[in-house]
Protein chains: 6
Amino acid sequence: MFEQALDKAEVLIEALPWIKEATGKTVVIKYGGAAMVDDELRENVMSDIVLMKLIGINPVIVHGGGKDITRLSEQLGLPVAFKDGLRVTPPEVMDIVKMVLVGKVNQELVAQLNGHGHIAVGLNGADGHIVKAEQVSEELGLVGSVTAIDTTLIADLVTNDYIPLIASVAVGADGRSYNVNADVVAGEVAAAIGAHKVIFLTDVDGLYRDFSDKGSLISRLSLAEARALLEEGQLAKGMLPKLQSCVKALASGVFRAHILNGTIPHALLIEVFTDEGIGTMIVPDEDGLSRGGFVAAPLDNLASKLHG
Amino acid sequence: MFEQALDKAEVLIEALPWIKEATGKTVVIKYGGAAMVDDELRENVMSDIVLMKLIGINPVIVHGGGKDITRLSEQLGLPVAFKDGLRVTPPEVMDIVKMVLVGKVNQELVAQLNGHGHIAVGLNGADGHIVKAEQVSEELGLVGSVTAIDTTLIADLVTNDYIPLIASVAVGADGRSYNVNADVVAGEVAAAIGAHKVIFLTDVDGLYRDFSDKGSLISRLSLAEARALLEEGQLAKGMLPKLQSCVKALASGVFRAHILNGTIPHALLIEVFTDEGIGTMIVPDEDGLSRGGFVAAPLDNLASKLHG
Amino acid sequence: MFEQALDKAEVLIEALPWIKEATGKTVVIKYGGAAMVDDELRENVMSDIVLMKLIGINPVIVHGGGKDITRLSEQLGLPVAFKDGLRVTPPEVMDIVKMVLVGKVNQELVAQLNGHGHIAVGLNGADGHIVKAEQVSEELGLVGSVTAIDTTLIADLVTNDYIPLIASVAVGADGRSYNVNADVVAGEVAAAIGAHKVIFLTDVDGLYRDFSDKGSLISRLSLAEARALLEEGQLAKGMLPKLQSCVKALASGVFRAHILNGTIPHALLIEVFTDEGIGTMIVPDEDGLSRGGFVAAPLDNLASKLHG
Amino acid sequence: MFEQALDKAEVLIEALPWIKEATGKTVVIKYGGAAMVDDELRENVMSDIVLMKLIGINPVIVHGGGKDITRLSEQLGLPVAFKDGLRVTPPEVMDIVKMVLVGKVNQELVAQLNGHGHIAVGLNGADGHIVKAEQVSEELGLVGSVTAIDTTLIADLVTNDYIPLIASVAVGADGRSYNVNADVVAGEVAAAIGAHKVIFLTDVDGLYRDFSDKGSLISRLSLAEARALLEEGQLAKGMLPKLQSCVKALASGVFRAHILNGTIPHALLIEVFTDEGIGTMIVPDEDGLSRGGFVAAPLDNLASKLHG
Amino acid sequence: MFEQALDKAEVLIEALPWIKEATGKTVVIKYGGAAMVDDELRENVMSDIVLMKLIGINPVIVHGGGKDITRLSEQLGLPVAFKDGLRVTPPEVMDIVKMVLVGKVNQELVAQLNGHGHIAVGLNGADGHIVKAEQVSEELGLVGSVTAIDTTLIADLVTNDYIPLIASVAVGADGRSYNVNADVVAGEVAAAIGAHKVIFLTDVDGLYRDFSDKGSLISRLSLAEARALLEEGQLAKGMLPKLQSCVKALASGVFRAHILNGTIPHALLIEVFTDEGIGTMIVPDEDGLSRGGFVAAPLDNLASKLHG
Amino acid sequence: MFEQALDKAEVLIEALPWIKEATGKTVVIKYGGAAMVDDELRENVMSDIVLMKLIGINPVIVHGGGKDITRLSEQLGLPVAFKDGLRVTPPEVMDIVKMVLVGKVNQELVAQLNGHGHIAVGLNGADGHIVKAEQVSEELGLVGSVTAIDTTLIADLVTNDYIPLIASVAVGADGRSYNVNADVVAGEVAAAIGAHKVIFLTDVDGLYRDFSDKGSLISRLSLAEARALLEEGQLAKGMLPKLQSCVKALASGVFRAHILNGTIPHALLIEVFTDEGIGTMIVPDEDGLSRGGFVAAPLDNLASKLHG
């Protein structure tokens, strides 16, 4: 028994400084893909988020939800069309987008989090005008590009210890709703609220130098390298907005951006509370820190932490 | 010019004490019926609510939205059935209810209010577990009766100067969503948060002694009289939950309950800032106050108001 | 009934933004002339001031009171003499000035305001050394010109929700009392406390381009125009210190200066809560605002007001 | 030099605990008689009061001023009449009372205190309705007996570190001014604000058992003994309201009442900061304390004072 | 790598609720015996205490130190005598006790803790009169029994995030120092400050039913059972004051008392952050909780923790 | 009696402004020499310090204690050697230094102060790492020179109204204890905490121009003069670190440095609360103030003190 206890003690001795450091930090999590569709994986992710909240980290969740929109559109006999990867969104499709994202997907996540307590509040960009957008082009209809983030409501809810869940619907200056990319919203929200981290939970393990070579996963990337990668133009289509959002967030002062495989159990927890990364981490250029996400508190410098 | 100015001065002299008194009070408004469907009426009601907010009153809005649910159900080929005035709600219909109330009706009201500023937040009973419910009967499916109100989130948002808009969807102890009556939710919320007033905006002018006689509108009703009226069992079906909710709210300490015709322009404003009522007002039995909704501050007792 | 109610609603819709905006602002009111002598007019003005206080505006009143001084001087056989419109004030006359202004006129106003509650506090420039002055000339005796304002006591009383009533007596560095012009005191106090407005209640309707032509009343004047008018040197004698004080106040950051006819019923109320002015308003040169005294809160910019 | 320094040290060692204890206490001082008329004595008393304020004691001063009223009444040809020691006060004499007390005597004291800083605020019973009164009898005119004290304004000014100087004029429920006894006002104010002490500065050394025998000065009197003395009915006329006010104050919880000879230099200072009394001190019946006015802080019980 | 990461995740998932719960709690640790003498063990214990502090637990340490006292006494030729296990302590030995405990042992612990930051403050019962005592008997000299604890200084230091280290020397009402039992001081301090836990770090694994049978270690004991054990009178001499102190602490509201083997590495950490106990734990009689020291926060009741 | 009372009044009138001014100021007192050895003198000094604390001054005491160290070293057969006035301090002697200073001398002073209440806390440079030092030279062993002061713990204790008593033992970056000069510690602590005064209580009356001429005592010295005196190199050996520390403290912003004869009764009290100095006072060069230590509050500038 003593050996097992000692093992646990060793894990705790490693983790305690990280836990101390993480307290009070805000982390924006873009949630989507397979990890959101599978019931067990979803419960897994949600309970990790609750645990993070319990320990004093403030999660803010952003989500989209493409497949349900397509299904309901088809059921109602509405056209389903994409252009450059963007859903063509005439007003009647926008109604579907809102009903599905705000009235269904968002509510399912709220319900699952609230199974652990009255802590989640479902929102979308129109509530408190969190996300403002403008039309991208006439032919795409109500597809919008993000123009501004109002952080007031998010900050108020985080201060009151709620977990905001934001569906990626925006509002225009014209009062109309816009269909916006959830990756972009996550990056912009992280930048606007000065988050400590932005984490993209997706279906793949991270960025690859050569996507066909599983061994070429990039573990750590500087901001400059990320920008170079974007300029090369060789990224997989789904990765593009994620990496752009990472770059945007870091450039605005976010400390770490991560692209994780949300289907790995407890990927979030491992990422936040241990040194070893999972997936790809993007860090500021001047960053000389170790792999870890938070700066661990060295024990011999305790005084400044306690009395500062 | 002087006469017109003097007229305005007289209105102000009448209104100023009411305005002073109303500051900081919370008013729950059940919004529904024709006043919600007509675009111009809706804009009218929304701008009155914004004006109330501007002057320091805290509105909390509860709404339902039956017709849209029926339409989408029919479009999707789902059965539309009612039993004792309640919509039979199997799980697949409950999905429609949520998509319509949370993803459509609620969002339209949020958008309209936020046209005046970033002040509205769309919610439903699952957010922060505001409204809890339990199943009424197997045959009605997910129709629920309200069992508890958690006021924390509403109070937090009101404190931060938002206007909460609550769609009448509840959450069960089993984590499932329930379809609940919006009148009942309005009355329970008013009771739970200790609102000053609960106002039901509907399509008729108020309660009638004899519904076929337009001259028999009841202007003022005591709580005891309202209870007698309920026991008589002669009320129009739509009025029943409204009057029951009024009684519930007053019995819990709400100061005034009103049933107003929301199609009369500025009915809300006239009700709150002048002595003359519109529609039917229900007051506590021991109430010896004048017709007005708030207690006016008599000018000769100013000291206790300013220095108390 | 509905039409009358709707009329009231329209007045309220016009007034509510002004009321919101006025809350917490300080307004210095110079009170004098016929409006102070007539009992009914005085009661009228005092109740308007109480109403302003009730709604959250902070009035500070400055007054003089020439006629009573002359009367008591004559009764006591003291010489009554004026030089350039200033009362020759040897020490024995200064005693009369103080007894009349501080012991009589000020007390009558205090009594009338306190008929509405325990809210008024009578002061003069010696209390807390509010108004400091120095001798103008040997031959005028204790006639003083204002050299400094100490706002501490006024601010403390306003913070505690009192209405300070200041009789225009000052104190010198030599500890002696000085007879000072009430118009000047009002302007200096407004400048020193950073009042939102200074209002001169007098017997005439305002400034006239040509005093003999009643149709030449100046409704609105820029600071530059007011300075030009002073340089022309054609002003009626009583208007000179008023307009000079307006200019002084505006130059120090006061937002609006008004010269009103205090004998018009509710002139104060109309001025503060409606768009149409009464009398003459002087505004900063760069001012592009409408006629109104306070900046109305446009409803579509509500968020910054509520969440700022 | 060392001996003199040591003497000073001994005085300080005696005084320091009293000074510590006195900090933050409120002391009501009735000021009147010869000590108020003589210029040098007045300056002496005023500078002692300033010193008390400096060290953290809060003085509240109440004063009357009979002789000046008589003089001005005579100058104006008004009747001067007394009944049972009370000035017959028809309305025209009441105007004189106010002009003299509020406009002259009060202002002279304010000026003298403010020679040491901007600390004094002149008041009378009408300001903030500090002192309310009702008519004693028709034949005495506007002579009033005190019915209520509103301590709000006094407390606000004391909190803001002003010294309130209250002229003994009261206001009636009918809004009229009343001529009230300054000794009574001092006792009532001390009782109402829960003062630590009330001190009557007068022309004689205190109470005498036998007024004709200077050796019979009563140094210390219990509340019960003071009541007995009042019942005996042998007191000098001027002492009666003073002793009654002492009894009233002590019965309401005031800790010490003193009758001192204000013409003795620094009588106030000696009384408050040393053990030996001057004049007559009245103490609660159960009082077993030493002669001193404040309870000295014994050095060996320091902890509860510092950490309590 | 993923498996190892997952293992860590599992430990974290187990520990996180305990960590959350422990934050802000105070734990009194009696430190002594072999664990205090061995340099490596001492560093081990000190770094566990620093880690507890880092995570937000407030340790308060009490220590004795018998062997050094004996050694110095012998060096100085002073008699070393014990009576009923208590050191006979004439004044000259008491000087040795203080010099060794306060000037040596306490300082060594302070130095070791402060190697991790400026967080430790060395104290003894005389500082701020933390521990008061009275003489046990004439023949034992300055051996004292604890009569009172003053928690002010401990609370002040804990509030300011220091770790107080208290040497077991007390002060008498007579101002003399007394030699008191460190186990008793630990129990009394825990009781007086309302500690969450008191932990006795000693050389043995805990209490045994039969000391000669290593298999009879008592893992968990109720308060009633502990009292019964004390009445039986079969306890090893060193265990007696420890168990008595445990009983005293629990009876005063301390939540858990532990007797641990301080020579087991990280015994403290394992005890506080995992479910399995080490050594003997004494719990209140009514206690139905699991083995763990703190009450874990079940995830499904999160709301009351976050919003309560 | 009146004359004696008047004398006391005069002393009070002189002292009150000084007392007011001293409130809240921190004074570092270096205590040592004969005044510390004699029991009666020690009680005298301690009760003056308690009186200063009572009136609101915050004393911080620094002490050494050479003779006891020598005695115990000799008893234990350890070598006693000095080099340039510094005690040669091998590790085994350092243990003696700590045991004597921390475990004996410091504790005796704590006990004496705490006889007046629970106000004293015994410390040394290792507690909270108040005093850091580095080795002076190999041959002197653990003699240290001060390198840094951490004021956190002192400030926390002063804020909580304790009197910190600091034994002159320091801690090195290597974790070892160092023997440091108490005069230097006093000056450095005064400089680091921004004390108002530093006072050196010693056995002589102050600095002499010519030590053999008792009439040449220097009463007042500017910082420049003090520096010149140090350069001359004629100072008595014991005075050197005191005067150097005075210069260091003044250069860091301390307002006054004093060298007093601690054997004169109440020297501290006379120094702090009267104008006449005892011993030698060193003042900043630009200082045009009178002999007194604190700046007296002139009565005519009271307002800025009370309302600022």
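Residues are numbered from 1 along each chain as its sequence is written, while chains are lettered from A and ligands numbered from 1 in the order in which they are written. In this predicted model, local features need pLDDT of at least 70, side-chain atom pairs count only at pLDDT 80 or more, and totals for chains, interfaces and linings use all residues.

**View 1. The open sheet of chain F.** Here eight strands of chain F line up as β5-β8-β2-β1-β11-β13-β14-β12, with mixed pairing. Strands are DSSP E runs of at least two residues and helices H or I runs of at least four, numbered from the N terminus; two strands pair if DSSP finds at least two bridges between them. At the edges sit β5 (120-124) and β12 (220-222) of chain F, each pairing on one side only.

View 2. Look for β12(F) beside β14 (residues 280-283) of chain F: they pair in the parallel sense over three bridges.

**View 3. Strand β13 of chain D and its neighbours.** Five of the six residues of β13 (residues 256-261) of chain D are buried, so this strand is largely enclosed by the rest of the structure. Buried means that 20 or more other C-beta atoms, placed from the backbone, lie within 10 Å of a residue's own. Strand β11 (residues 197-202) of chain D pairs with β13(D) in the parallel sense over six bridges, and D:Phe200 has D:Ile259 as its bridge partner. With β14 (residues 280-283) of chain D, β13(D) pairs in the antiparallel sense over three bridges; there, D:His258 stands opposite D:Met281.

Notes:
A residue is buried if 20 or more other C-beta atoms lie within 10 Å of its own, exposed if 12 or fewer, and partly exposed in between; C-beta atoms are placed from the backbone.
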